Amino acid sequence: EKAGFDHFMLKEVHEQPKAYRDTMRGRISDDGRSVAMPELKMTAEQLKGINRVHIVACGTALHAGLVGKNVIESLVRIPVETDVASEYRYRSPIITPETLVIVVSQSGETADTLAALREAQRCGARVLAITNVVGSSVAREADDVIITLAGPEIAVASTKAYSSQLIAFFLFGAFWAQTLGTKSEAQVAQVLAAMEALPEQVEKILAQAELLKEVAESISHHSSLFFIGRGVDYAVAMEGSLKLKEISYIHSEAYAAGELKHGTLALIEEGTPVIALLSQEDLYEKMLSNIKETKARGADVLGILNEGHEAEISKSVDRYFAIPRTLPLLTPALSVIPLQLISYYASLALGHDVDKPRNLAKSVTVE
Ligand code: F6R
């Protein structure tokens, strides 16, 4: 049932091109110019009436939500807040009937996420769920549901569910922009074309998976490391850090790269591994100076960057891994893949049970 892979996690990592295609199928028009979301019950009028968005989720799903925030704010220009589900209800969030609350949950059964959904509805907001499980509690109770078609996810560490949630946000963001006209038809078509190229780009990354084994093995000898990035790369850094912690039990932190110098640089010593994400071209130079700050303290840096920068980056980092080029907003759907593979190989090198890590269940039904 693992289809020739050693673990469900590796199988699911490799299923991402299919998960992307399945999640996009039928939602992008044949001419590639528009998005249809027939599953949404909310009308165009209702969508036009929304003036703020709250994205609420836990763990990996929350990290997808952090990318979702960037996607919606950039395509639709409506303010989005992202909240940890276990915090949301207790801070008296400002929820009005013009608020759209988006809950994200692979299982659709996470207790805190479900409680947040109910609280949002009690306050009169419409709730849109992004979930992978048809018929789950979240799917049944939400006003609108976008199902990610990642297929069953068996490994405890979420991979294809997370990346399919990203696809769901891209689709919904494009749909909303198209409905409001905040982006022109040509701009929407550009996003959709870039999305349709993602599955093949993921395949290209997966074909180079073995290159990450050596980095993962070297990381496995360390007790702590950092993931750094800016913009959506920071959101992906958080997901990479969680993935590594949960299956390899190595401590790591994700940092907004510009924030390191406000104290945390003190923890970078000779040999400390740093994984730096540089997918945002407009922040590339800024990232290089942040990398320099870590190198000056002896960090061992792996750069994850867009194809085309390989020649010049070798002066600034110890190792690099290149990902194919896409729109800046869509890079998380590619850059997360090497991070998933690094955590997989690190866990493997340490002899841990990759698919069933300690202290974590596939769905968390306690608050
Ligand atoms: C990480 C992981 C957890 C879940 C979290 C939310 O790999 O699996 O962090 O993402 O427990 O679960 P769902 O998405 O089912 O609500």
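Start this tour of a predicted model by selecting what covers the buried residues of helix H10: the cover includes strand S6 (224-229), helix H11 (232-248), strand S8 (273-278), strand S9 (300-306), strand S10 (319-323) and helix H14 (332-349).

Next, select H10 itself, residues 211-219. Which of its residues are buried? They are Leu212, Val215, Ala216 and Ile219. These four cover an arc of only 100 degrees around the axis, which puts them on the same side of H10.

Now move to the largest nonpolar core, which has 90 residues. Select Val53, Ile102, Phe170, Phe172 and Trp176, the residues with the most contacts inside this core. Then colour helix H8, residues 160-180; this helix gives the most to the core, with 12 residues. In soluble globular proteins, nonpolar side chains tend to be buried together.

Stay with Val53 and show what is around it. Leaving aside neighbours within four places in sequence, Val53 is in contact with Ile72, Ile78, Pro79, Val80, Glu81, Leu100, Ile102 and Trp176.

Finish at the ligand. How many residues surround the ligand? There are 15, and the closest are Ser105, Gln106, Ser107, Thr110 and Glu246.

- Ser105: a side-chain N or O atom is 2.6 Å from an oxygen atom of the ligand.
- Gln106: a backbone N or O atom lies 2.7 Å from a ligand oxygen atom.
- Thr110: a side-chain N or O atom is 2.4 Å from an oxygen atom of the ligand.

Taken alone, the ligand exposes 400 Å², and the protein buries 93% of that.

How values were computed
Residues are numbered from 1 along each chain as its sequence is written. This is a predicted model: local features need pLDDT of at least 70, side-chain atom pairs count only at pLDDT 80 or more; totals for chains, interfaces and linings use all residues. Side-chain values use heavy atoms; hydrogens and water are left out. Buried means under 20% relative accessible area, exposed over 50%, partly exposed in between (1.4 Å probe, protein chains only). Helices (H or I, at least four residues) and strands (E, at least two) are DSSP runs, numbered from the N terminus. The arc is that of the directions from the helix axis to the C-beta atoms. Contact means heavy atoms within 4.5 Å. A nonpolar core is a set of buried Ala, Val, Leu, Ile, Met, Phe, Trp, Tyr and Cys residues joined through side-chain atoms within 4.5 Å. A residue is near a molecule or strand if one of its heavy atoms lies within 4 Å of it. A polar contact is a pair of N or O atoms within 3.5 Å; within protein, one must be able to donate a hydrogen and the other to accept it, and residues adjacent in sequence count only if both atoms are side-chain atoms. Accessible areas come from the Shrake-Rupley method with a 1.4 Å probe; for residues, only the protein chains shown count as cover.
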